[in-house]
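Here is a short report on one predicted model. The sequence and structure come first, then the details.

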Amino acid sequence: MLGTQIRPARADDEERIGRFLTGLSLQTQTLRFFTGVSRPAASLVRALIALDERRDALVATLDGEIIGHAMSYRGGAADVEVAVVVADQWQGLGLGPRLIDALLLRAAVRGATTVGMDVLGENRRVLRMIRRQWPDAVMKVVSGSVEVTAMINRTSVFAE
């Protein structure tokens with residue numbers, strides 16, 4: 001995807017993240033947040049760009065605008081829990097896996113060995129990607145979502 005950049009989220013991304021979230025279709029919003037976010041709250045926007053010892057966030061940009069977002073949180077059932085969303089017009093082009101790879105590289109450097117995700121059961125595209133990337137992942141259906149736990153393949157992550 002020529003011209004796209006992946007970089008850590010920054011405090012000055014608040015407005016861009018707000019535009020990004022508002023531009024997502026209701027279906028994409030629901031697949032990522034399990035609900036629509038037509039007018040994203042300031043607290044949600046701040047949480048999506050927060051970086052600290054437990055949280056990491058990356059954005060994919062094109063011409064200065066955000067077209068993808070990935071975040072991780074240390075703790076929970078796995079060493080690191082991840083979530084990713086890509087703008088509707090950029091889905092299916094490999095940006096989501098690129099964001100995940102970059103996020104997991106940063107997590108692995110900090111010592112993470114397992115990754116977890118909560119995926120809506122209807123999100124077939126992401127579930128197929130998980131099966132390809134982590135064929136040994138443990139998947140458990142809970143209340144309409146799929147809880148995924150997998151090992152971070154340090155060899156492929158560090159090959160990036």
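## The E5–E7 pair

Asp118 stands opposite Glu147 in E7. Strand E5 (residues 114–120) and strand E7 (residues 145–151) run antiparallel, joined by seven bridges. Strands count as paired if DSSP finds at least two bridges between them. Helices (H or I, at least four residues) and strands (E, at least two) are DSSP runs, numbered from the N terminus.

The model is predicted: local features need pLDDT of at least 70, side-chain atom pairs count only at pLDDT 80 or more, and totals for chains, interfaces and linings use all residues. Residues are numbered from 1 along each chain as its sequence is written, and side-chain values use heavy atoms, with hydrogens and water left out.

## The sheet

Seven strands form an open sheet with mixed pairing, in the order E1-E2-E3-E4-E5-E7-E6. Strand E1 (5–8) and strand E6 (138–142) are the edge strands, each pairing on one side only. From one strand to the next, the twist averages 25°. Axes are lines fitted to C-alpha atoms, for helices over the stretch in contact, and angles run from 0 to 180 degrees between N-to-C directions.

Ala83 is in strand E4. Its C-alpha lies 8.8 Å from that of Val119, 36 residues away in sequence. Leaving aside residues up to four places away in sequence, Ala83 touches Arg32, His69, Ala70 and Met71. Contact means heavy atoms within 4.5 Å.

## Helices on the sheet

Helix H4 (residues 95–109) lies across E1, E2, E3, E4 and E5, and runs at about 150° to E4. Helix H5 (residues 124–133) packs on the sheet and touches E5, E6 and E7. The direction of H5 makes about 155° with that of E5.

In helix H1 (residues 14–23), Arg16, Ile17, Gly18, Phe20 and Leu21 are buried (under 20% relative accessible area, 1.4 Å probe, protein chains only). These buried residues pack against E1, helix H2 (26–33), helix H3 (42–49), E2, E3 and E4.

## The cavity

How many cavities of 30 Å³ or more does a search of the whole structure find? One. About 60 Å³ of space lies in the largest cavity. On a 1 Å grid over the protein atoms alone, a cavity is a set of points where a 1.4 Å probe fits but cannot get out; lining residues have an atom within 4 Å of a point. Volume is the space filled by probe spheres set on the points, which are joined across faces, edges and corners.

The lining includes Asp52, Glu53, Ser72 and Arg110. E2 and E3 are the elements that give two or more residues to this lining.

Definitions and conventions:
On a 1 Å grid over the protein atoms alone, a cavity is a set of points where a 1.4 Å probe fits but cannot get out, and a pocket is an open set with protein on both sides within 12 Å along at least five of seven lines; lining residues have an atom within 4 Å of a point. Buried means under 20% relative accessible area, exposed over 50%, partly exposed in between (1.4 Å probe, protein chains only).
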